[in-house]
Amino acid sequence: MAPILEARDIRKSFGLLEVLKGVTVTASKGEVISLIGSSGSGKSTLLRCINMLEIPDSGSVALDGEEIRMAGKPPHRHPADEAQLRRIRSKLGMVFQSFNLWSHLSVIDNVMEAPIKVQKRDPEEVREQALELLDKVGIREKADSYASQLSGGQQQRAAIARALCINPEVMLFDEPTSALDPELEVEVLRVIRLLAEEGRTMVLVTHDMKFARDVAHRTIFLHNGMIEEEGTSDEVFGATRSERLKQFLSAGAPE
Amino acid sequence: MDFLAPILSDIQTLAVPSLFNIYFAFASIPVGFLFAIGMALGKNSKNPVIAHLSAGYIYAFRGSPLFIQLFMFYSIMLALNLPLWKPLGWSWLVLHPLFLGPLILTLNTTAYSAEIFYGALQAIPRGEVEAARAFGMTRYQQFRTVVWPNMIRLAWPAYTNEVVFLFHATALIYFTLPVIDEQKDLMNKAGELFERDYNVFLHFSVAALYYLTISLVIFFVFGQIYKYLMRHMDSGQPRRLRFKPNYLR
Ligand SMILES: Nc1ncnc2c1ncn2[C@@H]1O[C@H](COP(=O)(O)OP(=O)(O)OP(=O)(O)O)[C@@H](O)[C@H]1O
Ligand SMILES: [Mg+2]
C-alpha cells in the first residue's frame, strides 16, 4: 500500500546546529508511528517539518501522494504555493505539547474555527460534529468554557477534538501529555488509544515508552538527528539492536 | 449655601467650553486608533522599509513634546498659507483650530498608541499563532482569530491611559492655536474667569473637576470594555484598570 504520509530525507539546521541529518518517515493509512529519542534529538523539529511550521533545508514532504512544492535555497527555502500548503495543512491535525488553544474562544468555537474558516464547511454540520467529538473526548459539558477554565487534561482533549474536527488524514502529536500531571495524563492517553484503535494514521512524539509500545505499530528512535533504530514496536522494544537505544531505554525515559 | 453659588455658576459657565475639549478628543481618538493599528503592524512588518518608516514616525512623535508639535505644525501651516492654502481656497479649513487641533492630536496619539499596540503584538502567545498556521489559516485568518483579539486585550489598559492623557492634552490646543470668537475650551475660559477676580481657588478647580469627571467616564467605559475583553480569563478575582500617569509628554 502506498504511504499516506512521506517525509523523505529531511535535513534541518538551526545556525550551526544540525538537528536533522536526513530523516525519512513514512506512514501508511491506519498506521501509528511513535517517535522517541532523548531531549534535543530533533523529534519536535521533525514533526514540525512535516507541516512546515519549520521549513526543512532539504527533503520532501508528501501527503496522499501530493508533494508540498518548495522554492528557493536555504535559508530562503519556502513553500512555493501558499494555497497548496494551507490545503495540505488542513489535512494534518496537529496536537501541541502546550495545547495552544485559542484562549479567547470557547472550547466549541476552538473546535469549529478551522473547519468553518479554512475548510469553508457548513457551520451547522460542523457544530454537530464538534459536539460529537467533544463527547468522544469526554468534555462535552465544557463546550462553552474557555481554556483558562479547564484543567490541562481537559485542554489537551479539547485540542485533540479541534484537530479531529478537520477530518485529518494524519494526526501529529508532539508530546501531548508531557505538560500534564500523571493523573491527568491518563485521560488524554485513553483518548489517543481510542483513536489508534479506530485506525487513524498518527505520528506520535512521546517520552512514554510503555505507551509507545502499547499503541504504536512502528517506533522510530531518533538520535543525533538520525534514525538510530526503527521497526515494529515489538522489535524495537523487545529485541533492541542498537546500543544507544538500549542505553536510552535502560536509563528510563529521561525528561 | 452661599459658597456654592459661585461654584455652580462656574460649572454652568464652563459647560460649553468643556464641549470643545470633548470634541477635540472625539475627533482624534477613533481615527488615531485606526492609524495606530496600521502603524503598529507596520513597525512589526517583515518589510524593512515599512518597519523603519513606522518606527521613525513613532519615534519622532513620542520623542518630542506635544506642546512643540502643536507650535511647529501651526507655524508650518501658517507658512504654507500664502503659497498653498490661499490659492487652493483651503485656508478657512486647514488653519482653523477645530481642524488643525484634532489633526495634530491624531498624529500624536497615533504614535503613542502604535507603540502600545506594537508592544502588545510582541506579547501575543506564539503557540496560538502556530496553531492557527498549523490548521492552514491565511495570514488574514491568523490575524482575525489570534492576533487581533490578543493584541487588543493586551494593549487595553495602556491604551486606556493613552486616551485619558490625550483628553487631558486637549488643554494645550488653545495655548498654541488662535482662539476664534467665543470658541474657548476649559482652560481658556477658566483663565478668563481668573483674570476677572483673581480667585485662585475657584475657577481652575472647577475646570479640573470637569477633567476629573470626564476622565471618570472614560475609565468607566473603557473598564467595561476591558471586562468584556477579559471574559475568557475569568479567574474569580475582579481585574481593575490602573491609572499610571506619565506626567509630561
Ligand atoms: N527555533 C529554533 N531555533 C534554534 N534552535 C532550535 C529551534 N528549535 C529547536 N532548536 C534546537 O534543535 C534541537 C532539537 O530540538 P527539538 O525541539 O526538535 O528536540 P526534541 O527532540 O523535541 O526535544 P524534547 O524531547 O526536549 O522536546 C535542540 O537542540 C533545540 O535547542
Ligand atoms: Mg520536543
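First, the ground rules. Residues are numbered from 1 along each chain as its sequence is written, and chains are lettered from A, with ligands numbered from 1, in the order in which they are written. Because the model is predicted, local features need pLDDT of at least 70 and side-chain atom pairs count only at pLDDT 80 or more, while totals for chains, interfaces and linings use all residues; side-chain values use heavy atoms, with hydrogens and water left out.

I will start with chain B as a whole. Chain B has eleven helices and zero strands. Here helices are DSSP runs of H or I with at least four residues, strands are runs of E with at least two, and both are numbered from the N terminus. The C-alpha atoms of chain B fill a box of roughly 70 × 55 × 25 Å along the principal axes. Of its 249 residues, 47% are buried. Buried means under 20% relative accessible area, exposed means over 50%, and partly exposed is in between, with a 1.4 Å probe and protein chains only.

The accessible surface of chain B is about 13,300 Å², and 69% of that belongs to carbon and sulfur atoms. Those areas come from the Shrake-Rupley method with a 1.4 Å probe; for residues, only the protein chains shown count as cover. As for charge, chain B carries 19 positive and 13 negative side chains, and the centres of the two sets lie 16 Å apart. Lys and Arg count as positive, Asp and Glu as negative, and His and the chain ends are not counted. Each charge is placed at NZ of Lys, CZ of Arg, CG of Asp or CD of Glu.

On contacts, meaning heavy atoms within 4.5 Å: among those in chain B between residues at least 6 apart in sequence, 77% join residues at least 24 apart.

Now helix 7 of chain B, residues 126–134. Which residues of this helix are buried? They are Gly127(B), Glu128(B), Glu130(B), Ala131(B), Ala132(B) and Ala134(B). After helix 7 comes Gly136(B), with a positive phi near 85 degrees.

One of those partners deserves a look. In helix 1 of chain A, seven of the eight residues are buried, including Leu46(A), Leu47(A) and Ile50(A), but also Lys43(A) and Arg48(A). Helix 1 of chain A is followed by Met52(A), whose phi is positive, near 65 degrees.

Next, salt bridges. Side chains of opposite charge can pair when their charged atoms come close. The cut-off used is a side-chain nitrogen of Lys or Arg within 4 Å of a carboxyl oxygen of Asp or Glu. Over all chains there are 25. In chain B, Glu192(B) pairs with Lys189(B) at 3.3 Å between the closest N and O atoms. Both sit in helix 10 of chain B, three residues apart, about one turn of the helix. Lys189(B) counts as buried because its relative accessibility is 10%. Through shared partners, salt bridges join Glu182(B), Lys184(B), Lys189(B), Glu192(B) and Arg196(B) into one network.

In chain A, Arg8(A) meets Glu6(A) at 2.9 Å, N to O, and Arg11(A) meets Asp9(A) at 3.8 Å. Arg8(A) is partly exposed at 37%, as is Arg11(A) at 33%. Asp9(A), in strand 1 (residues 5–14) of chain A, is also partly exposed, at 36%. Asp9(A) has a positive phi of about 50 degrees although it is not a glycine.

Asp181(B) is another non-glycine residue with a positive phi, near 50 degrees. Asp181(B) lies in the loop between helix 9 (173–176) and helix 10 (186–197) of chain B, and is exposed at 66%.

Two items remain, both in chain A. The peptide bond from Pro74(A) to Pro75(A) is cis, with omega near 5 degrees, and Pro75(A) is in the loop between strand 6 (70–71) and strand 7 (78–79). Finally, Asp122(A), Glu124(A), Glu128(A) and Glu132(A) form a negative surface patch. Patches take residues with over 30% relative accessible area and no salt bridge, joining like charges within 9 Å and nonpolar side chains (Val, Leu, Ile, Met, Phe, Trp, Tyr) within 5 Å. Glu132(A) is in helix 4 (residues 123–136) of chain A and counts as exposed at 53% relative accessibility.
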